[in-house]
Amino acid sequence: MWSDTFVIVFISICTALLGEGLTWLLVYRTEKYQKLKVEIEKSSKKLEKRKEAHGDSVDKQQKKKIERVEEKLKINNRDLSMVKMKSMFAIGFAFTALLSMFNSIFDGRVVARLPFTPIPWVQGLSHRNLPGDNYTECSFIFLYILCTMSIRQNIQKLLGFAPSRMANKQSGGLFGPQPQQFK
């Protein structure tokens, strides 16, 4: 069981490196990506400075300037997402093939034991294709997904491909832009 766990962690590291390599090849090294990244950084810094300089007391002219910078930032973020999209399809296709291959290799094998019983709606994934009712036993797919999620983000930070904190803060993250402060 321990050997399977280490093999899965190694597979996660390799697939994360492969994914970042493909992304670098298809996206990060392109001129359009580099230009958009610089624009987003500049717009984020400009917006942050304006918001800090004026605080809550903003006249109409400053409010319009801030809104223009926010709109420019939103457009640049959208364009950056479109540039990244082509690599996401290639990586998704490659990872689906790899996942099905590894899933067939580890099918029905307990690869780890969880120190807790997962909540019911996660048990289907954590105990996938395993015999018995011991829900602390972990399947390949669950461990692989957890490892890949954590390892890929760290590899992106290590290689310098992760977006800056300021750009992330301004773009709003997963559920869209943050609520407007000056409306």
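Tutor: We may begin with N129, which is partly exposed, with a relative accessible area of 45%. Please bear in mind that this is a predicted model.

Student: Why is N129 called partly exposed?

Tutor: Buried requires under 20% relative accessible area and exposed requires over 50%, with partly exposed in between. The value for N129 is 45%, so N129 is called partly exposed.

Student: Where does N129 lie, and what is its phi?

Tutor: N129 lies in the loop between helix 4 and strand 2. Its phi is positive, at about 60°, although N129 is not a glycine. Most residues other than glycine have a negative phi.

Student: H127 is in the loop between helix 4 (120-126) and strand 2 (137-138). Is H127 buried or exposed, and how do you know?

Tutor: The relative accessible area of H127 is 7%. Buried means under 20%, so H127 is buried.

Student: What does the side chain of H127 reach?

Tutor: It reaches the backbone oxygen of N134, at 3.3 Å. Leaving aside neighbours within four places in sequence, H127 is in contact with G132, D133, N134, Y135, E137 and S139.

Student: What makes S126 a buried residue?

Tutor: S126 is in helix 4. Its relative accessible area is 0%, which is under the limit of 20%, and therefore S126 is buried. Apart from neighbours within four places in sequence, its contacts are L114, P118, Y135, E137, C138, S139 and F142.

Student: How do you know whether T5 is buried or exposed?

Tutor: T5 has a relative accessibility of 13%. This value is under 20%, so T5 counts as buried. T5 lies in helix 1 and touches V111, A112 and L143, not counting residues up to four places away in sequence. T5 and C138 are 133 residues apart in sequence, while their C-alpha atoms are 9.9 Å apart in space.

Student: What share of the protein chain is buried, and which elements does the chain have?

Tutor: Of the 183 residues in the protein chain, 34% are buried. The chain has six helices and two strands, and from the N terminus on the elements run α-α-α-β-α-β-α-α. Among contacts between residues at least 6 apart in sequence, 70% join residues at least 24 apart.

Student: Let us turn to pairs of helices. How is such a pair described?

Tutor: Two packed helices are described by the angle between their axes and the distance between the axes.

Student: What makes helix 1 roughly parallel or roughly antiparallel to helix 3?

Tutor: The axes of helix 1 (residues 2-28) and helix 3 (residues 60-105) come within 9 Å and cross at roughly 155°. Angles over 145 degrees count as roughly antiparallel, and therefore helix 1 is roughly antiparallel to helix 3. The crossing is right-handed. Residues in the contact include I11, T15 and L18 of helix 1 and V83, K84 and K86 of helix 3. By class, this contact has 11 nonpolar, four polar and two charged residues.

Student: Which residues meet where helix 3 contacts helix 5, and how do the axes cross?

Tutor: The axes of helix 3 and helix 5 (residues 140-159) come within 11 Å and cross at roughly 145°. This crossing is right-handed. I91, F95, L99, F102 and N103 in helix 3 meet F140, I141, Y144 and R152 in helix 5. By class, seven of the residues in this contact are nonpolar, one is polar and one is charged.

Note on methods:
Residues are numbered from 1 along each chain as its sequence is written. This is a predicted model: local features need pLDDT of at least 70, side-chain atom pairs count only at pLDDT 80 or more; totals for chains, interfaces and linings use all residues. Side-chain values use heavy atoms; hydrogens and water are left out. Axes are lines fitted to C-alpha atoms, for helices over the stretch in contact, and angles run from 0 to 180 degrees between N-to-C directions. Helices (H or I, at least four residues) and strands (E, at least two) are DSSP runs, numbered from the N terminus. Angles under 35 degrees count as roughly parallel, over 145 as roughly antiparallel, 65 to 115 as roughly perpendicular and the rest as oblique. A crossing is left-handed if the near helix is turned anticlockwise from the far one by less than a right angle, and right-handed if clockwise. Contact means heavy atoms within 4.5 Å. Ala, Val, Leu, Ile, Met, Phe, Trp, Tyr, Cys and Pro count as nonpolar, Asp, Glu, Lys and Arg as charged, and the others, Gly among them, as polar. Buried means under 20% relative accessible area, exposed over 50%, partly exposed in between (1.4 Å probe, protein chains only). A polar contact is a pair of N or O atoms within 3.5 Å; within protein, one must be able to donate a hydrogen and the other to accept it, and residues adjacent in sequence count only if both atoms are side-chain atoms.
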